[in-house]
Structures are given as structure tokens and as C-alpha cells.
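Welcome! Please take a moment to look over the model shown here before reading on.

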Amino acid sequence: MPKSPLRVGTGAAFSGDRIDAAIALAERGSLDFQIFECLAERTIALAQLRKRRDAAMGYDPLLERRMEQLLPLLGQRRLRVVTSMGAANPGAAADATIAIARRLELPLKVAVVTGDDVLDRLDPATPALETGQPIGGMGPLVSANAYLGADALLPALASGADIVISGRVADPSLFLACIIYHYGWRLDDFERLARGTAVGHLLECAGQLTGGYFAEPGYKEVPDMANLGFPFADVDGDGNAVLGKLDGTGGRIDLATVKEQLLYEVTDPRAYVTPDVIADFTAVMLRPTGPNRVDVRGARGTSRPDKLKVSVGYLAGYVGEGEIGYAGANALARARLAGEIVRERLRAEFPNLRIDLIGSTSLHGRSFDAAEHPYEVRLRVAGRAATAERAMIVGEEVEALYTNGPGGGGGARKYVHEQVGIVSTLIERERVPTGITIRESSRNAKAA
Amino acid sequence: MPRLHEIAHCRAGDKGNTSILSLIAYRAEDYPLLVERVTADAVKRHLGSIVLGKVERYELPDLAALQFVCEDSLGGGVTTSLGLDAHGKSLSYALLEMVI
């Protein structure tokens with residue numbers, strides 16, 4: 001009989017997430033598996049650009065810093081790690097990890113999951129799901145990665161590897177794979193897969209389950225947010241689970257935080273689609289069982305999708321931005337005037353210039369406050385251009401307001417960055433064969 | 001007239017150019033009021049120029065929650081928007097401004 005419950009915990013919700021919270025959970029959490037999900041929509045496309053400049057790059061920029069601290073804990077704590085930190089180059093991520101293991105004289109086995117990169121077999125005439133237009137017409141394609149499911153990770157887990165490194169895998173599938181592997185669930189046991197998927201979905205955003213992206217003074221108080229604890233789940237053989245976090249860490253787990261995260265980014269609560277299962281979250285039952293403990297059960301599932309989703313990255317030109325601030329009497333009017341000046345001067349080259357009044361209308365396009373008198377307002381102007389040089393003009397025009405614009409303009413800043421767009425399409429499963437490769441640091445490294 | 005903010009909390013998520021707003025009653029007894037007043041049409045009206053596409057509402061009575069899926073509401077999509085909050089992370093608080 002497999003050990004029950006199985007404890008899976010979160011190590012990262014995105015590439016730049018806090019490392020100390022992950023290490024605390026690895027050290028003190030009695031975890032069986034820790035999952036580091038590090039790929040937002042655009043992350044792989046940006047990583048692909050780095051790989052083009054240097055073939056040894058293209059994996060998570062924080063991988064080395066995480067592994068330095070994590071590797072010494074694995075053997076002592078019988079902890080295994082599953083991560084999408086491979087991004088556009090999982091093989092290089094494994095090499096970098098092995099190099100750290102050798103330097104630390106630790107035996108280590110790493111399994112690399114391959115197959116998500118489908119750029120070479122994607123027809124540019126394929127329509128994007130979002131627009132119906134051919135993906136090849138959006139701009140130069142830089143990446144195309146299929147969202148792999150838990151099935152692609154199972155051989156890597158079965159290899160006995162301490163660390164499994166992948167590229168694009170559906171976020172909850174990273175967690176679900178560990179649960180499937182541990183309990184030996186069948187891949188057509190859709191009821192259990194749906195419950196495990198709900199657990200993965202709840203855990204994948206780390207601090208968002210424990211009070212992050214939640215707190216509001218006076219309404220939704222969260223204690224000790226500077227030390228927000230990352231979550232774990234104790235999962236039984238049927239996929240029912242109890243969510244928790246480490247004692248002594250900040251944050252909170254209760255019905256309110258769990259409800260927000262259960263529904264987060266779910267476009268249809270009756271049909272949450274992953275490569276593994278189409279899960280119905282409407283029947284999920286949540287029950288507090290103690291301080292910072294919530295029992296989760298009841299997700300349903302009956303099938304899985306026929307095709308896999310592919311995330312396609314393309315070059316979308318450059319964005320130039322400029323900002324300048326105004327304060328005191330008539331700040332809003334002066335900032336508006338400043339925006340009008342820039343709009344008039346850039347009208348020909350930037351017909352779609354974006355003008356924001358930060359402190360007033362920048363986020364929601366209007367103010368819901370009728371009596372609006374912000375003491376200070378920051379003008380922000382943004383425009384898209386084909387080259388970095390042309391994009392820079394936006395910031396230069398804003399900067400020139402110092403001496404040519406309304407009174408009291410201060411703190412001008414200008415930026416240019418390359419923009420990568422993302423669209424999606426679908427691909428037949430049989431066109432996405434997956435595999436694993438193994439890298440090891442020698443056993444006698446430790447004896448040396 | 002109370003604002004939604006007094007009786008419910010909200011989280012915003014995104015998929016491409018779609019914003020997903022999860023509205024949750026603090027107290028289960030307020031859920032019927034949300035169902036009655038915070039219709040898909042009312043949300044579309046309230047958010048005005050933020051949401052250019054259609055708004056779909058899902059009811060989750062066991063969670064005392066409503067899910068609003070708002071199409072064409074992120075300036076063309078997270079990755080190519082010129083807006084500051086390309087993900088629409090702050091839109092939860094635009095919804096909570098609604099007077100009910």
C-alpha cells in the first residue's frame with residue numbers, strides 16, 4: 001500500500017517567486033514532492049529568445065539560486081522535485097543542476113521531459129484560437145509549445161529521478177503527475193484525476209492560496225505577509241485533500257482564500273480543461289478542519305480533451321513608454337494637457353498612442369469616484385513601433401515636457417522593451433510524442 | 001445604497017484577452033442578493049468601456065460565488081496590451097465599486 005496521505009507542496013508560482021518561502025517548506029514541511037511551476041504565458045517565448053543568443057541558456061534565470069539551496073535538502077528529507085524551470089531548454093537546465101550537484105558533491109539523478117516544443121511541425125496557416133487568423137501572419141514566430149499532461153511526466157517519475165525538469169506542462173498536471181504516480185491511478189480514472197487536478201490548481205499559485213493577491217486592510221486581514229508561507233496538500237488515495245501551510249509562517253488558509261483560488265482563471269467552472277481531464281469544479285466542497293486547514297473534495301470528471309493546446313509566441317515589435325509626474329493644484333489638468341501635447345506631436349507616427357493618468361484613470365480607464373481631485377497624477381504615454389529606435393521617441397517626447405510642457409512636471413522616465421505576443425492553437429496528441437532523458441552526478445561524488 | 005465591496009470579495013484572473021472575475025459573498029446569506037442584482041448585464045453596464053465583449057455568468061451556490069467571464073476586456077490580450085495592468089489584476093476592485 002502506498003503511503004497515505006501523500007504530501008505535495010508548492011515551491012514557486014512563477015519564475016520570479018520568493019525562494020526563502022520555498023526552502024522553508026522544503027526544510028520543515030515533511031513533503032514528498034515539491035513543485036516549482038515557473039512558466040507564465042510569455043515565459044517560454046522570452047526564454048526562447050535568450051536560447052537563440054546562447055544555446056546554453058533559455059531555462060529559468062533563478063534555477064541555479066533555487067537548486068543551490070534545494071539540492072542539499074533532497075537526500076536528507078527524501079524529497080523529490082518536479083519543475084517547469086526547464087522553459088525553452090530543459091536539457092540545459094538539467095546540465096546546470098547536475099553541475100551544482102557535482103560542486104556540492106551530492107549524488108543526484110535528474111530526468112528531463114521532452115516533446116513540448118512543436119515549433120518545427122506547426123503549419124503557419126493554422127488559425128489562432130483567439131482571432132481565427134493564421135498564426136504565421138501575426139509576426140515572426142519564436143516559440144510553439146504544447147501543454148503536456150501528467151502522462152508525459154510519469155516515465156520521469158518512474159525513473160526514480162530526484163528532480164524532474166520539464167518545459168511547458170499544464171500547471172496542475174505537474175502536481176497531478178506526482179499523485180497519479182504515487183497511488184498508481186489509471187489515466188482514465190477521470191473522477192480521481194479531476195480531484196487531483198483541483199488540488200494542483202489550488203496549489204499552483206503558491207502564495208495566492210495563503211493570503212497573497214488577497215489581503216485588504218480592514219476587510220481581509222492577513223497576518224505577517226512579509227513571511228507568507230507557501231501551501232501544501234495532504235492527498236489521500238481517492239484525491240480528497242487537506243490544504244495547509246507551515247506553522248510559524250505568515251498568511252492564512254481558510255474558506256475565503258481557497259474559494260478565490262479555486263475559481264481563479266477558470267473560464268468555465270463546469271469544465272476546467274487540462275490535458276488530463278475536463279474537471280467540473282461546481283460540486284467542490286470545502287470544509288475548514290482546523291486553523292489554516294481546509295478539506296477539499298468533490299470535483300468531478302468524465303473525459304479528457306482530444307487535442308492539446310499549443311501556446312505560440314511571436315515578435316510583436318517594440319513598446320516605448322514615457323512618464324512624468326504632476327502634483328498640487330490642478331495636477332490632473334496639467335497632466336491632461338501634457339498628454340494632449342504629446343499626442344499632437346506623435347499623431348502621425350503613433351496613431352494608437354496610449355495615454356494614462358496614473359492616480360486617476362490609468363487602470364480602469366475611468367474613475368468610479370465622482371468627486372475626483374487627486375493630489376498627484378503621473379502621466380504615462382505608451383506606443384508601439386517596429387524598431388527599438390522608433391519606440392524610444394515616445395519616451396523622448398515625454399522627457400521634453402520638462403522644458404516644453406505644463407508647469408511643475410517632474411521625475412520623467414523613459415523605457416523601451418521588445419514585445420512578444422502569445423496566441424494559442426490546438427494540436428493532435430499523436431503529433432506530440434514525449435520522452436525523457438536522464439542526467440546523473442556520479443555516486444562517488446559524495447564519497448570524494 | 002451599499003457598494004458590492006461591503007458584502008463581497010473578488011479576485012481577477014486572465015486568459016488571453018478574457019478577464020475572469022470571481023465574486024464571493026462574505027456571508028452565505030448575501031448570495032441570493034448577488035444572484036438577483038449582479039447579473040451579467042449589470043456587470044457589462046457597470047464596467048462600461050473596460051469590457052468590449054460579452055459577459056457570461058456562472059452560479060456557484062455551494063461557494064456563495066458568481067463567476068464572470070468577460071471577453072475582449074484586456075486591451076487585446078495580456079501580451080500585447082499597451083495598458084499598465086495588462087493582466088487586469090486590478091479589475092476585481094472595479095467590479096466591487098458597483099452599487100447594488
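Predicted model: local features only at pLDDT ≥ 70, side-chain atom pairs only at ≥ 80, totals over all residues.

Residues are numbered from 1 along each chain as its sequence is written, and chains are lettered from A and ligands numbered from 1 in the order in which they are written.

Chain A holds 12 helices and 18 strands; these are DSSP runs numbered from the N terminus, with at least four residues (H or I) for a helix and at least two (E) for a strand. Its C-alpha trace spans about 75 × 50 × 50 Å along the principal axes. Of the 448 residues in chain A, 50% are buried, meaning that 20 or more other C-beta atoms, placed from the backbone, lie within 10 Å of the residue's own.

Now to helix α2 of chain A, residues 43-53, whose buried residues include Thr43(A), Ile44(A) and Lys51(A).

| Strand of chain A | Residues |
|---|---|
| β5 | 141-146 |
| β14 | 307-327 |
| β17 | 410-428 |

Three strands of chain A form an open, antiparallel sheet in the order β9-β10-β13, with β9 (272-273) and β13 (300-301) as the edge strands, each pairing on one side only. Pairing requires that DSSP finds at least two bridges between two strands. Strand β10 (residues 278-280) of chain A is joined to β13(A) by two bridges, and Ala279(A) sits opposite Gly301(A) in β13(A).

Terms used. Buried ≥ 20, exposed ≤ 12 C-beta atoms within 10 Å, placed from the backbone. Contact = placed C-beta atoms within 7 Å.
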